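Here are my notes on the structure you sent. They are set out as numbered points for reading beside the model.

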Amino acid sequence: MTDAAFTPRVFSGIKPSGNLTLGNYLGAIKRWVGMQGPDFETIYCVVDLHAITVWQDPATLADATREVAAGMLASGIDPETSILFNQSQVPAHAELAWIFNCVARVGWMNRMTQFKDKAGKNTEKVSLGLYAYPALMAADILAYHATHVPVGEDQKQHVELTRDIAAKFNHDFKVEFFPLTNPVIEGPATRVMNLRDGTKKMSKSGESDMERINMTDDADTISRKLKKARTDPEPLPDTLDGLKNRPEARNLVDIYAGLAEVTSDAVIAEYAGAGWGRFKPALADLAVEKLGPISSEMSRLMADPAEIDRVLANGADRAEAIAQPILKRTYDIVGLVRSR
Ligand code: AMP
Ligand code: TRP
């Protein structure tokens, strides 16, 4: 079976482990919205089982799960066109992950840079789940035979591991059952950086709230954070090459490009020679114009958690209808007896 034998299907997920950031929006959600349409079936997941690889307060986890769903809906994920659900409502993810734990090799897991970064020197004390997490991610993707996975740059290695797991499974069991999934890492903002340190990724958790834009920030906060973002004294150059070794400046140009839906080259062409006194207010206005309506819509949706739960329940039913037959077929291939 070639890749062409698989239905073009998109799967991606976000952990409910803190505030959604501009990085999640530009690196993931905004691009997921754009993939909805006739070319793909689209499946988007709030990956709560991934979140608990590090400690989550149970009450906060439930709120964060609904908030991520609200962020996706407010950004334009249409729950009729796409399947939107939270991972733990479809047990096939955890079940297939176990099979993949038995396919993936310890040596492969040891190469995962995100684990090394997250565990730091503390490898003895972190959860076993944090270490095994990429096998669960492979299960998320392959339980749907997903062919395309739009993610930020930081997830590339995990999607490559997913391909390795699919290839080893197919080889070991002499089948062509799982597709070799393609990572889709495109556009100017696949790695949005910290506003205070352009060498670090913008992330949900971090010492200072000034480092990131949260999708729930109001207009004044967005504007203040961008105007106070760290930069250097130089004006913007004529070409993108001129931003080499200027990570903070490059980041703001890429954020502008992501929000305006143009290339970073086009931004430089427009603002060549501009100082920060001109560029930052333009960026702040653009961010407020694009993100303001999303944050208001998120608050509106969050006021009715029962409605979000209904969306997630409906999505979980539709997701399960795809994943369950694939899981059963996997069990058959592996030789696990199913007598009922
Ligand atoms: P996470 O918040 O770690 O669950 O990430 C969810 C999605 O957002 C993944 O596709 C990430 O690659 C993407 N993402 C998270 N942070 C950033 C960032 N700073 N820049 C670009 N994409 C990001
Ligand atoms: N591991 C991803 C992250 O930390 C989230 C994720 C879980 C995911 N399962 C996935 C992304 C499947 C794409 C496909 O960002």
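This is a predicted model: local features need pLDDT of at least 70, side-chain atom pairs count only at pLDDT 80 or more; totals for chains, interfaces and linings use all residues.

1. Helices α7 and α8. Helix α7 covers residues 128-142 and helix α8 covers residues 156-172; their axes are 9 Å apart and the packing angle is about 70 degrees. Angles of 65 to 115 degrees count as roughly perpendicular, and α7 and α8 are therefore roughly perpendicular to each other. On the α7 side, the contact is made by Y133, P134, A135, M137, A138, I141 and L142. Their partners in α8 are H158, V159, L161, T162, I165 and A166. By residue class, this contact of α7 with α8 has 11 nonpolar, two polar and no charged residues.

2. H158 lies in helix α8. Is H158 buried or exposed? Its relative accessibility is 2%, so H158 counts as buried. Leaving aside residues up to four places away in sequence, H158 touches M112, Q114, Y133, P134 and M137. Y133, P134 and M137 belong to the α7 side of the helix contact. The side chain of H158 also makes a polar contact, at 2.8 Å, with the side chain of Q155.

3. Two residues in the loop between α7 and β4 deserve a look. A143 is found in this loop, with β4 covering residues 148-150. A143 has a relative accessible area of 1% and is therefore buried. With residues up to four places away in sequence not counted, A143 touches L96, I322, A323 and I326. From A143 to S75, the C-alpha to C-alpha separation is 26 Å, and the two are 68 residues apart in sequence. H145 has its place in the loop between α7 and β4. H145 has a positive phi of about 50 degrees although it is not a glycine. H145 is buried, with a relative accessible area of 12%.

4. K174 is found in the loop between α8 and β5, where β5 covers residues 182-184. Although K174 is not a glycine, its phi is positive, at about 50 degrees. Is K174 buried or exposed? At 74% relative accessibility, K174 counts as exposed.

5. Helices α10 and α11. The second pair consists of helix α10 (residues 247-260) and helix α11 (residues 264-271), which pack at an angle of about 105 degrees with axes 8 Å apart. That makes α10 roughly perpendicular to α11. R250, V253, D254, Y256 and A257 are the α10 residues in the contact, and they meet S264, V267, I268 and Y271 in α11. The contact of α10 with α11 divides into six nonpolar, one polar and two charged residues.

6. Ligand 1. Which residues come nearest to ligand 1? Of the 18 residues around ligand 1, these are K15, G152, D154, V192 and K204.
   - D154 has a polar side-chain atom 2.4 Å from an oxygen atom of ligand 1.
   - K204 has a polar side-chain atom 2.7 Å from an oxygen atom of ligand 1.
   - N24 has a polar side-chain atom 2.9 Å from an oxygen atom of ligand 1.

Technical notes: Residues are numbered from 1 along each chain as its sequence is written. Chains are lettered from A and ligands numbered from 1 in the order in which they are written. Side-chain values use heavy atoms; hydrogens and water are left out. Axes are lines fitted to C-alpha atoms, for helices over the stretch in contact, and angles run from 0 to 180 degrees between N-to-C directions. Helices (H or I, at least four residues) and strands (E, at least two) are DSSP runs, numbered from the N terminus. Angles under 35 degrees count as roughly parallel, over 145 as roughly antiparallel, 65 to 115 as roughly perpendicular and the rest as oblique. Contact means heavy atoms within 4.5 Å. Ala, Val, Leu, Ile, Met, Phe, Trp, Tyr, Cys and Pro count as nonpolar, Asp, Glu, Lys and Arg as charged, and the others, Gly among them, as polar. Buried means under 20% relative accessible area, exposed over 50%, partly exposed in between (1.4 Å probe, protein chains only). A polar contact is a pair of N or O atoms within 3.5 Å; within protein, one must be able to donate a hydrogen and the other to accept it, and residues adjacent in sequence count only if both atoms are side-chain atoms. A residue is near a molecule or strand if one of its heavy atoms lies within 4 Å of it.
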